[in-house]
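Let's take a walk through this one together. Have the viewer open and follow along as we go.

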Amino acid sequence: LAAEMLKAPANLERAQRVVRSFYANKGIAIPELVIENGSGLSRRERISARSMARVLQAAWASPVMPELMSSLPLVGFDGTMKKRLNLRGVAGRAHIKTGSLAEVRSIAGYVLAASGKRYVVVAFVNHANAADAQAAQDALLQWIYDHG
């Protein structure tokens, strides 16, 4: 990106170009990406689970991976994952960010399986019954830990 663009006052169009350029420079195309305000709390913002997984894979390989990992809740111990799966094998073996809005429940992050392999996991549920998805998402995390 041109240095002039980075010095200009922020607006939505420039922010979208900067984000797309950042990912393009990492070899990640996200054609479906919609950014409305960048908070993640917008009903219009979009990214596919596949694209989010590619972002997480690239983040794992980046120099800032340790900082990212330390910022994600540890399943069974921290933040929004503190009371989830705390008596299961996956507790302490997955770093997962949660997200929720009315009719939306999401998880994304990394699971270190019992096999020693690390997996990227992303699950987005957009449905009127999304609030009921937590049990399925927790089962997915445990399944990856057990069978990955």
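Is E103 buried, exposed or partly exposed? Keep in mind that what you're looking at is a predicted model. With a relative accessible area of 48%, E103 is partly exposed, because the exposed label needs over 50%. You'll find E103 in the loop between strand 1 and strand 2. Its backbone is worth a look too: phi is positive, about 70 degrees, even though E103 is not a glycine.

Strand 1 and strand 2 make a hairpin, with 2 residues between them. They run antiparallel and are joined by 8 bridges. If you want a pair to click on, S100 sits opposite R105 of strand 2.

Stay on strand 1 and pick out T98, which lies in this strand. T98 has a relative accessibility of 15%, so it counts as buried, the cut-off being under 20%. The side chain of T98 has a partner: a polar contact of 2.7 Å links it to the side chain of T80. Setting aside residues up to four places away in sequence, T98 touches T80, M81, R84, S106 and I107.

Next, the loop between helix 4 (65–71) and strand 1, where L85 lies. L85 is another residue other than glycine with a positive phi, here near 60 degrees.

V75 takes us to the inside of the model. In soluble globular proteins, nonpolar side chains tend to be buried together. Here the largest nonpolar core has 13 residues, and V75 is among those with the most contacts inside it, along with V90, A94, I96, V111, V121 and L141. Which elements each supply at least two residues of this core? They are strand 1 (94–101), strand 2 (104–112), strand 3 (118–126) and helix 5 (134–147). Helix 5 gives the largest share, 3 residues. There is also a second, separate core of 8 residues, including L56, A59, L72 and V122.

Terms used. Residues numbered from 1 in each chain as written. Predicted model: local features only at pLDDT ≥ 70, side-chain atom pairs only at ≥ 80, totals over all residues. Heavy atoms only, no water. Core = buried A, V, L, I, M, F, W, Y, C linked by side-chain atoms within 4.5 Å. Buried < 20%, exposed > 50% of the residue type's maximum accessible area, 1.4 Å probe, protein only. Helix = DSSP H or I, 4+ residues; strand = E, 2+ residues; numbered from the N terminus. Pairing = 2+ DSSP bridges. Polar contact = N/O pair within 3.5 Å; in protein donor to acceptor, adjacent residues only side chain to side chain. Contact = heavy atoms within 4.5 Å.
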